[in-house]
Amino acid sequence: MSDIVRYDRIGDIAVLTADNPPVNALGHAVRVGLVTALDRAVADGARAVVLTCAGRTWHAGADIREFGKPPVDPWLPEVCNRTEACPLPVVAALHGTALGGGLEVAMGAHYRVAVPGTRVGLPEVHLGILPGAGGTQRLPRLAGLDASVDIITTGRHVPAAEALSLGILDRVAEGEPRALGLAFAQDLLAQGAGPRPTRDLPPPEPVDFDALYDRVLKKGRGQLSPATAVRAIQAACELPFEDGLARERALFNELMETDQRKGLIHAFFAERQVSKLPELEGVTARDCEHIGVIGGGTMGAGIATAALLAGLNVTLVEMSKDAAETAKGRIGGNLKGALKRGKITPEAFDHMMETALTLATGPEALTDADVIIEAVFEDMAVKKELFARLDQIARPGAVLATNTSYLDVNEIARATSRPEDVIGLHFFSPAHVMKLLEVVVADRTAPDVVATGFALGKALKKITVRAGVCDGFIGNRILSVYRAAADHMVLDGASPHQIDAALEAFGFAMGPFAVADLAGLDIGWANRKRLAPTRDPRERVPTYADKLCEAGHLGQKTGRGYYIYDGRNRTPNPDVLALIEAEREERGITPREFSDSEIQSTYLAAMVNEAAKVVGDGIARRPLDVDMVLLFGYGFPRYHGGPLKWADMQGLDKVLSKIRKLAETDSFFWQPAPLLEKLVAEGGSFDDLNRAVS
Ligand code: 3HC
């Protein structure tokens with residue numbers, strides 16, 4: 001028998017302990033171990049069985065690395081069925097996270113006990129699939145329809161106390177899981193209780209599942225798995241148990257074949273891979289307990305909030321006492337949001353505001369800071385002066401970070417006598433909400449300073465991505481190109497509103513013009529002015545948006561931009577269309593029709609092409625780094641995996657042909673990325689590069 005599942009006999013009770021670090025995933029060896037040990041318990045004359053796991057958690061699910069490979073017996077559904085069919089009462093003793101196949105095994109058992117910190121859930125929809133080992137059939141029988149639809153379609157983790165009240169768990173008690181399971185099994189034996197198969201419980205009454213399916217599909221913004229899971233739950237209510245299982249399996253297999261499944265699983269692993277850099281192996285980060293933040297505007301206050309929420313001490317520097325107080329008000333507002341959502345206690349709020357946060361009116365207050373992050377006005381002269389000053393006052397070894405979005409971090413570093421300590425930490429606004437952090441590594445940045453950037457990102461619970469120095473780093477550099485592609489389509493005949501609608505249909509949370517309204521049209525305006533002096537005359541840059549800004553229409557904050565805002569509702573601003581028409585006339589452009597799919601493929605081609613250049617130039621180390629930047633900073637739909645995963649799934653030759661076709665009319669803008677050409681010529685993929693570098 002495989003020793004991955006240990007067999008112990010404690011009196012009348014057989015205890016099966018799975019030990020497959022780190023998360024006891026139910027890979028093939030574990031499945032074999034479980035069914036073999038169950039048979040042994042019966043043959044051995046045991047009167048009850050306790051299932052438990054060693055290490056930090058109960059089974060956190062099927063082994064995701066086995067997906068896409070041919071299934072090997074025994075399958076997980078069989079493990080659950082055989083557990084349920086065991087003639088001895090089987091108790092699952094849970095701790096940590098009982099997720100996916102993990103919860104399904106527990107529901108195959110006859111009784112479930114857990115320690116208080118346990119969370120249970122069926123998060124398969126986040127991987128583009130649905131629970132495929134009876135979860136959609138057994139959970140409704142235990143927890144009813146509403147709770148099952150909620151748990152299965154959102155994939156949320158359910159705390160033990162709630163799981164107890166829903167009937168998913170039978171007992172929650174302090175203690176060691178194995179002892180808890182044994183005590184429960186002994187109670188059962190004392191009461192003479194036998195097996196209690198979940199399949200024998202009555203299913204919930206059916207409801208209008210078509211309406212439910214439509215509702216869930218709409219909420220998923222194009223994601224298929226939650227709505228498909230509704231059909232499996234429907235089967236639980238309408239079909240005999242075995243037929244329901246078969247229906248679940250058929251739907252599971254269908255989803256397994258989709259690109260959405262491939263995209264979401266890519267995202268799952270890339271999210272974990274992104275902060276693992278070979279160059280940082282064995283490098284120890286410097287201290288990052290005391291954070292200095294210079295500038296208390298939206299960005300600075302957001303960074304300070306994120307650091308406070310992570311339990312760090314923050315000294316915030318502003319120009320004057322008044323400005324510092326205003327910044328404190330912003331931070332207080334942010335933290336009140338966290339308090340309201342139950343993320344922090346009132347005591348923690350008071351501690352953060354009164355003890356962990358210090359206000360100051362000059363950089364001299366930062367002599368003890370471990371990491372100093374400037375978030376002042378985006379102007380090279382201002383930043384250089386500030387860094388020269390920091391060079392004089394920061395303690396030796398302190399990390400000096402700039403939050404610039406575009407400026408040359410090498411030039412900023414040269415303003416100090418310690419360029420090895422200088423780094424870019426590019427947060428995204430609002431910094432206490434947005435999950436992305438770009439760590440911008442300049443030519444002379446020391447490895448332990450890079451490691452400190454990653455350590456800080458981890459402390460702040462950010463998806464932290466390494467980027468090299470260039471205009472816009474990874475994200476904003478790619479954004480400027482696909483945004484330009486959208487602008488070109490507007491000049492040539494599409495409306496901003498049609499473009500937004502087409503991209504929202506692709507799965508973006510918001511189209512680029514709605515995003516511009518949200519960020520403030522003055523940002524793009526300032527950027528266009530900044531780039532104007534060095535702009536190549538062949539670049540096509542529309543000016544109609546400047547006219548909106550000149551008229552004081554800056555987007556959501558003024559109530560009018562590409563759209564007119566009434567509270568949260570938006571309607572297209574007709575003035576924009578008039579301005580666009582005037583500009584087309586001035587440029588002698590005859591507008592043409594664009595289909596939604598042409599808009600999507602053109603926008604994505606621009607994104608992929610620039611992303612390939614960013615990887616080819618070494619600004620991003622791996623394609624997956626770009627994917628994570630676009631996912632976590634720019635609203636790219638997770639179920640497409642990221643632009644380069646999406647390109648792989650489309651076929652790189654197809655994407656390159658599209659770019660070449662577009663180059664026939666604008667060869668300046670549509671210059672194919674050499675890396676893309678190389679991959680197509682060699683029959684390679686971006687995923688090959690991920691594997692080569694990771
Ligand atoms: N299969 C394979 N590897 C897994 C895994 C799984 N189900 N879950 C986690 N891992 C790996 C991670 O990739 C990571 O590997 P690495 O160290 O090489 O990067 C390692 O385990 C630790 O994971 P985390 O870094 O995520 O650790 P955390 O403590 O932060 O989180 C967790 C633990 C909450 C369990 C989180 O890993 C998680 O959410 N895992 C996925 C859970 C899930 O989706 N389960 C359903 C699987 S699908 C299924 O069961 C199908 C069935 O219905 C048939």
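Biologist: Why is His-426 called buried?
Modeller: The relative accessible area of His-426 is 3%, and buried means under 20%, exposed over 50% and partly exposed in between, with a 1.4 Å probe and protein chains only; therefore His-426 counts as buried. This is a predicted model, where local features need pLDDT of at least 70, side-chain atom pairs count only at pLDDT 80 or more, and totals for chains, interfaces and linings use all residues. Residues are numbered from 1 along each chain as its sequence is written, and side-chain values use heavy atoms, with hydrogens and water left out.

Biologist: What makes the pair His-426 and Glu-438 a polar contact?
Modeller: Their side chains are joined at 2.8 Å. The term requires a pair of N or O atoms within 3.5 Å; within protein, one must be able to donate a hydrogen and the other to accept it, and residues adjacent in sequence count only if both atoms are side-chain atoms.

Biologist: Which residues does His-426 touch, not counting those up to four places away in sequence?
Modeller: Among them are Asn-403, Leu-436, Glu-438 and Phe-473, contact being heavy atoms within 4.5 Å.

Biologist: What makes β2 and β3 a pair?
Modeller: Strand β2 (residues 13-18) and strand β3 (residues 48-53) share 6 bridges in the parallel sense, and pairing needs at least two bridges found by DSSP. Leu-16 has Leu-51 in β3 as its bridge partner. Strands are DSSP runs (E, at least two residues), as are helices (H or I, at least four), numbered from the N terminus.

Biologist: Where is His-426 found?
Modeller: His-426 belongs to strand β15, residues 422-427.
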